[in-house]
Amino acid sequence: MPTRPGLVAEAAIAVLAARLSYEMPGLGQDEITRIARAQAAELTRAGFHITVPVAAVATTARRLKAERNT
């Protein structure tokens, strides 16, 4: 079973996905999310610490809660 990233990691992936969807509007949402997860993983492996705005964490928390309730 794959592990789920933490809240800040999910927020970072969401920020990367939002930027990617802006830069490449023709891609589907699943592909954008897959690429964003791969980018986040590669940055972490390379030793980068990914930070996100506090608002992104709050937005992600609300999104994850809504997904659990549906």
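Begin by selecting T60, which touches L7, E10, A11 and A14, leaving aside residues up to four places away in sequence; contact here means heavy atoms within 4.5 Å. This is a predicted model, in which local features need pLDDT of at least 70 and side-chain atom pairs count only at pLDDT 80 or more, while totals for chains, interfaces and linings use all residues. Residues are numbered from 1 along each chain as its sequence is written, and side-chain values use heavy atoms, with hydrogens and water left out.

T60 lies in helix α3; helices (H or I, at least four residues) and strands (E, at least two) are DSSP runs, numbered from the N terminus. Is T60 buried or exposed? With a relative accessible area of 3%, T60 is buried. The term buried denotes under 20% relative accessible area, exposed over 50%, and partly exposed in between (1.4 Å probe, protein chains only).

Next, select the two helices α1 and α3. They pack at an angle of about 100°, and their axes are 9 Å apart; axes are lines fitted to C-alpha atoms, for helices over the stretch in contact, with angles from 0 to 180 degrees between N-to-C directions. This angle makes α1 roughly perpendicular to α3, a label that covers 65 to 115 degrees. To display the contact, colour L7, V8, E10, A11, A14 and V15 of α1, which meet A56, V57, T60, A61, R63 and L64 of α3. By class, this contact holds nine nonpolar, one polar and two charged residues.

Now select α1 by itself, residues 7–23. The buried residues of α1 are E10, A11, A12, I13, A17 and L20. Their cover includes α2 (29–45) and α3 (54–69).

Which residues make up the largest nonpolar core? Select I13, A17, L20, I32, A36 and A40, six residues in all; such a core is a set of buried Ala, Val, Leu, Ile, Met, Phe, Trp, Tyr and Cys residues joined through side-chain atoms within 4.5 Å. Helices α1 and α2 each supply at least two residues of this core. Centre on L20, which touches I32, I35 and A36, not counting residues up to four places away in sequence.

Finally, select G6, in the segment before α1. G6 is partly exposed, at a relative accessible area of 43%. A distance drawn between the C-alpha atoms of G6 and L20, 14 residues apart along the chain, reads 21 Å.

Methods:
The expected span of a helix is 1.5 Å times one less than its number of residues. Angles under 35 degrees count as roughly parallel, over 145 as roughly antiparallel, 65 to 115 as roughly perpendicular and the rest as oblique. Ala, Val, Leu, Ile, Met, Phe, Trp, Tyr, Cys and Pro count as nonpolar, Asp, Glu, Lys and Arg as charged, and the others, Gly among them, as polar.
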